[in-house]
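Keep the sequence and the 3D view open as you read.

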Amino acid sequence: MTAPWEDQEDQSLTKTIQRAKRKTLIRNVLISLAVSLITLAAIFIGAAHLIDHESSERMFDEYGYMSISSPNEYLEPGHKDRRGFLSGVLELDTYKMVEGVPVPWREKWINYYVPGFPFTTGVHGGTASLEGNDPALKAQGYEYNRRYNPDNGQRELLFYVPGVNYNGKVLNEIPALLQMESGKLVEMALSFDKAFSFAEVKAMLPAGVHPVWYWADTYDDWKDFGLEPHKDEKGVIVYPQPLLPTFGVHGFGVRPYSDQPDPADFIGNVEAGIQQKGTYYSEYLRIYNYLKKDKAEPDTDDVRILGVVVTGTAKELQILDGQSFVRGAVLGAVVDRY
């Protein structure tokens, strides 16, 4: 038979053990909670650093690629950066410059994410050009229509590669300059009848015509750019269409930091893109290899000019009428000085 004091000792010991267990449980819960909070904080801080790095890299990619593409188009200062967990979207705006007058041009939405975690936000691309309906072009048998910027209604530039068979359907909008007020400020893309050197282009452009962007030959394979006629499924010959600035058009020109275009800048920008090994690495490498051919590296003589984007008043650009080197001439942005 157990003595009363022994029962009291057992109960006291049980309570002591229970209190110890509770303390241990509470301590473990608090430790686990603290570790979880610290871990979550570390994850979010790490994710913030990673996404900040990816955002900066993607922005650098876009700025660099615009330096060899996007004729007479520039990034507006500042941008929106909508970030989620390990992903985000850059919202960029661009503008054109026509004789000192800025023209808001395009919105671009760029997805980015931490490699290995492709959680995108579902936003892609940006505003695409709209196809107009020009009865005059149809009447002349053109297989394509003019393209327009959907945000401001301005015409998009078009480019014709020398030697490509467009079935004779190459736009020449220089006569349209005669229908404009003489003081209108005009952007125009000139496509040449053949490739020229940079020095030749500078020498042959008439006074009053201001070149702002030089279109370079980067076409190593015409098939990749849809530049060869082909038969469709019905056996009808489909001829190439002119290139839009948003696809396959590369070159160099006036930039916010430089008003003296130089083919050396084009080569330097391509080399910088290769070293960066970013989003457009394969395109930079393709262009670089095409320019240098079988040499160790390209030089400025390897940059052949296929056309040029010029600006001036409607009256000044009328001097281009009848110039033998002009194969195609397509209007772009047209604005008033005031």
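## The chain as a whole

This is a predicted model. The chain has 338 residues, and 41% of them count as buried. Its secondary structure comprises six helices and 13 strands.

Strand 12 (residues 305-313) pairs with strand 7 (residues 185-196) over eight antiparallel bridges. Val186 has Gly312 of strand 12 as its bridge partner. Met188 stands opposite Val310, again in strand 12.

Strand 12 also pairs with strand 8 (residues 210-216), in the antiparallel sense and over six bridges. Here Trp213 has Val309 of strand 12 as its bridge partner. How many of the nine residues of strand 12 are buried? Nine of the nine are, and the strand is mostly covered.

## A hairpin

Strand 2 (residues 80-83) and strand 3 (residues 87-98) run antiparallel and are joined by four bridges. One of these elements' pairs is Arg83 with Gly88, the latter in strand 3. The hairpin has three residues between its strands. Leu86 takes a positive phi near 70° in this hairpin.

Most residues other than glycine have a negative phi. Ser70 is not a glycine, yet its phi is positive, at about 55°. Lys293 also has a positive phi, near 55°, and is a residue other than glycine.

Where do these two residues sit? Ser70 lies in the loop between helix 1 and strand 1 (73-75). Lys293 is found in the loop between helix 5 and strand 12.

Are they buried or exposed? Ser70 has 11% relative accessibility, so Ser70 counts as buried; the cut-off for buried is under 20%. Lys293 has 51% relative accessibility, so Lys293 counts as exposed; the cut-off for exposed is over 50%.

## The second largest pocket

The second largest pocket has a volume of about 180 Å³. It is lined by 14 residues. Closest to its centre are Phe60, Gly64, Ser67, Asn269 and Ala272. Which helices supply at least two residues each to this lining? Helix 1 (4-66), helix 4 (263-276) and helix 5 (281-292) do. By type, the lining residues are seven nonpolar, six polar and one charged.

Glu156 sits in the loop between strand 6 (147-148) and strand 7. Is Glu156 buried or exposed? Its relative accessibility is 2%, so Glu156 counts as buried. Residues up to four places away in sequence aside, Glu156 touches Trp105, Arg106, Ser129, Arg146, Arg147, Tyr148, Asn149, Leu244, Pro245, Val330 and Leu331.

Phe266 lies in helix 4. At 0% relative accessibility, Phe266 counts as buried. Its contacts beyond four places in sequence are Ile68, Ala216, Thr218, His250, Gly251, Phe252, Ile287, Leu291 and Val303. Ile68 is 198 residues from Phe266 in sequence. In space, their C-alpha atoms are 6.5 Å apart.

## Accessibility side by side

| Residue | Relative accessibility | Class |
|---|---|---|
| Ser70 | 11% | buried |
| Lys293 | 51% | exposed |
| Glu156 | 2% | buried |
| Phe266 | 0% | buried |

Notes
Residues are numbered from 1 along each chain as its sequence is written. This is a predicted model: local features need pLDDT of at least 70, side-chain atom pairs count only at pLDDT 80 or more; totals for chains, interfaces and linings use all residues. Side-chain values use heavy atoms; hydrogens and water are left out. Two strands pair if DSSP finds at least two bridges between them. On a 1 Å grid over the protein atoms alone, a cavity is a set of points where a 1.4 Å probe fits but cannot get out, and a pocket is an open set with protein on both sides within 12 Å along at least five of seven lines; lining residues have an atom within 4 Å of a point. Grid points are joined across faces, edges and corners, and a volume is the space filled by probe spheres set on the points. Ala, Val, Leu, Ile, Met, Phe, Trp, Tyr, Cys and Pro count as nonpolar, Asp, Glu, Lys and Arg as charged, and the others, Gly among them, as polar. Buried means under 20% relative accessible area, exposed over 50%, partly exposed in between (1.4 Å probe, protein chains only). Contact means heavy atoms within 4.5 Å.
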